[in-house]
Amino acid sequence: MNSSTNSLDDVSADSSAEFGDRASMMEVRLQAQEDEITLLKSSLADALRRIRLHDQLLPLLKQQLIAVNPGAARVLNQVCCSDGCTSIRKLSSSSAVDGIRHAATSQLSDSIVTNANGHIGNPMSTEPRLRPATLDRSTQTDPILPGQDGGEDRVPLPTCVQSLNLEDALLPGQPVEGTRAKLHRVPGMEEEDEEQDEDEEGAGEQEKELSWTSSVEEPIQPTTIRGIQREDFQDGSGSLEEPGSASGSVRTLDQNLSSRCGSLAPIQEVQKLPLVRRNSEKLGNPERQRKRLDKKAASSANLLTRSPSLENRAKELIASAGSPGSRRGTYSQGQSIKMFIRGRPITMYIPSNIQNYEDLKMEPPSERLELDWVYGYRGRDCRANLYFLPTGEAVYFIACVIVLYHINNRAQRHYRKHTDCVRCLTLHPDKVRVASGQTAGVDKDGKPLQPCVHIWDSTSLVTLQQIGLGTFQRGVGSVAFSFADSGAFLCVIDDSNEHMLSVWDCNKGTKHAEVKSTNEAVFAVEFNPSDSTNIITCGKSHVYFWTLSAGQFTKKQGIFGKYKKPKFIQCFVFSLTGDVLTGDSEGNILTWGKSAADIKTLGKGAKETFQIMRQTRAHEGSVFTLCTLQGGALLSGGGKDRKIIRWSADLAPERECEIPEKFGAVRTIADVDGEELLVGTTRNAILRGTFTDGFVAIVQGHVDEMWGLATHPSQNIFLTCGHDRQVCLWNTEEHKLDWCISLEEYGLCADFCPNGSVVSVGLSTGRWMVLDLLTRDVVSESIDGNEQLSVMRYSPDGSFLAVGSHDNFIYIYNVTEIGRRYTRFGKCNGHSSFITHLDWSKDGKYIMSNSGDYEILYWDIAAGCKLLRNRFDSKDRAWASYTCVLGFHVMGVWLEGSDGTDINALCRSHSERVVAVADDFCKVHLFQYPCPKPKAPSHKYDGHGSHVTNVCFTHSDSHLLSMGGKDTCILQWKVIGGGVVDSRERLTSASSTSTSSPEPATS
């Protein structure tokens, strides 16, 4: 015992290092098995449904055969009455669209003889033989011994049915329950039948059976049989022979049948004979039963491989979420649609006002979006990205948008030709042209996009040149125009490992020269204002002086000598005397000059060098920016001390001021008129002011990822919160920040009380608070669980507040005293994953909720937060808002192949005409509402440079607000166009069965 215990301990110790790898492998296997199980379940359900349909199909086919051939009735009666067993083969189902259809014939050709149990026989032999039992999955018969079933008195069915088309055989108005079907052979199922025969009888060689499948097309209407085609025997003779029967009588029967192939009499009712189904009876041998069940399970598991049509159908179900192939017929309670996300089926019940789902036509909405305002500025991680134009506009960027903001008129224009986040900006010497570079980014499939530089006209916003498409790697870090030749060249440094330095002809868009600069980070690049062949770059622990001659670069490194080498050279400018002034991470301004070659020390091969001529102490902490003024004066901006200092031409300090701490450090400075300045800060604000009057913010924004967004129910204001622990209230009319407060934790969700006096904010720790809009005071506070909150939603009348948490619960509170008092009412418990979205019904009694595992649940709040098990009952319920990303009315917003996380948020307009969608690919979509069909068209809008986390309409639907995640950008879109057709009228008219009914509003 001890030795075995020791060996187990040794094995455990040896495998402990591999536990992590095994666990990850098991997770992958588990996910794959879950996907296979889901696929198998859907396939089995499909097969069982078709089997049930063809249980009803068999009597109909029997009637049709008897109507064509009365002799078939005698055959069937003899077979069924001889020993109480039937040998009629049951048809198995298939989803193939086209079967074998033969044209109607007036004369019956000779056919191979088909036994009553469906086996195809050889040309007639006079020797009696044993007829084997049929072992179909649904119907089984006993073997029939020679002479047992009447022998010579039995007349065989002289036809082999190859195709049946039921069209016009019934009397007018006579209903028939059944299905139009086409018969064709399914390859591979003969072998399956043989295996079952061998297992059941244990006998030797068995006859191979032909299996037929039926393709269900549509519910049966009154139909008739057009014809039965027969194939000739191998001998080509027109006669049929049976042991003990006269050939003449057979010929007479054949003539009888031939005469009936023209105009056929209506199908007559025949008495249904009982079928002995052993599958439904108790088997005597348990072991035999177990083996048979095992074979049935194996047969079901092989359904997809046996039937190519089923395999293709299942692939379509999994591959295209919400595609037409994912529709799964009707239920007993009503019609429903199934869509699949990550292999998980989601059932959507069709509302009662839709009479014909297939006739619904999805079109783009007549409403469109137009970018109205951009909130925010990217200063936290970019340099030299703020310039002032002679037109009175400040030029800066955030996300994929370059903003031209008129500081006096408070108006914005936008350059929007970039396809990903803008990283750098520079102004041409003519003060009109602008060059901007972007990062590479990735598309929705994860493939990298190509970065480039745009040269564009700031007056007309027309792109003049696109430079370097396919040349730069990862992105463009710095750009600069030449000055000595009036901006004929553009210098670019990309974000590759080697930080490639390249010079381009601005007019032709061609590359003039290129060289690897350094493996260290590069922060800035500039041409020498007096000589376009000289270029300077700086960055981590280096200053490089480049000379361009005949398309080749030569590099000289700045020598620090006796001065301490700083970790970073943050910025540099050229003085009026031609010297280079750099600002570093030690808080110093270094003056660089050219020194003659030291021949005495280095010999005759010595060359001139660039060395530090002077060091000036400027700031505490880093010097982030330097800016030269017209008279030769210099401005410097500090990091840690947040100071702006004005220096004389000989670097003597003249004036200084300090910007407020809440705006962060100084990132960049732009000169307006020599006195007034624009200052970009590290907390994404742009300040305007002078040394005398101080500075005020004209542009503000969040500094970290944002998720919480809510619009006021009656005013043109909205609230945002995010990971920067800021809660901000914005004004959509004045395009400004009304107020901003800081929290101890970051906010993730928010909602206004319907009376508009308070707003609730959900935080990352399970705590939530209610703020007074006027005083900004916390009027109520509570904690639900210890996980982050994902959604806050007031009921339409403001009497309840629902709080959705990542602990899988929805907490319900009673709201009193005009939104200032909250008491726990109940808790919704039933989700198996975290809550993502929820909405209230218009009567305030019910909630619809989504979760992280793609569940759609409904709750009866008035009945005590009771989970409604029958989701069918909620299909016609009206919802006060629609933000749930999963639901019948918004099923069409999901793109093909979506994985369930591609859509972060959506919002229905208050007019219920359109729905806006925020996706994971930096796009905002506008769909028609309702949008219940897959692949619905939409209007798509660019602008964000990160996943769009939230969207929300203002109270009047005049504007739409969208928030980026990491880009910290808020875009305000103006809604233009649109008619007056109500969404309910559009839906009912589109689903009407009338061919002349109006269609949805077109764009």
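How many contacts beyond four places in sequence does the model have for residues 1–17? The model has 1 such contact for this stretch, over which pLDDT stays under 50. Where pLDDT is low, the predicted coordinates should not be read in detail.

Across the protein, the mean pLDDT is 76, and 67% of the residues reach 70 or more. Confidence is lowest in strand β3 (residues 212–215), with a mean of 34, and highest in strand β9 (residues 401–406), at 98.

The protein contains 10 helices and 57 strands. Of its 1003 residues, 53% are buried. Among contacts with a separation of 6 or more, 54% are between residues 24 or more positions apart. The accessible surface comes to about 45,100 Å², and carbon and sulfur atoms account for 49% of that area.

His619 sits in the loop between β26 (609–617) and β27 (623–628). With a relative accessible area of 2%, His619 falls under the 20% cut-off and is therefore buried. Beyond its neighbours within four places in sequence, His619 touches several residues, including Glu586, Gly587, Ser636 and Lys643. Asp641 is also in contact with His619, and a polar contact of 3.1 Å joins the side chains of these two residues. Ile645, another contact of His619, is 26 residues away in sequence, with a C-alpha to C-alpha distance of 8.8 Å.

Methods
Residues are numbered from 1 along each chain as its sequence is written. This is a predicted model: local features need pLDDT of at least 70, side-chain atom pairs count only at pLDDT 80 or more; totals for chains, interfaces and linings use all residues. Side-chain values use heavy atoms; hydrogens and water are left out. Helices (H or I, at least four residues) and strands (E, at least two) are DSSP runs, numbered from the N terminus. Buried means under 20% relative accessible area, exposed over 50%, partly exposed in between (1.4 Å probe, protein chains only). Contact means heavy atoms within 4.5 Å. Accessible areas come from the Shrake-Rupley method with a 1.4 Å probe; for residues, only the protein chains shown count as cover. A polar contact is a pair of N or O atoms within 3.5 Å; within protein, one must be able to donate a hydrogen and the other to accept it, and residues adjacent in sequence count only if both atoms are side-chain atoms. pLDDT is the predictor's confidence in each residue, from 0 to 100.
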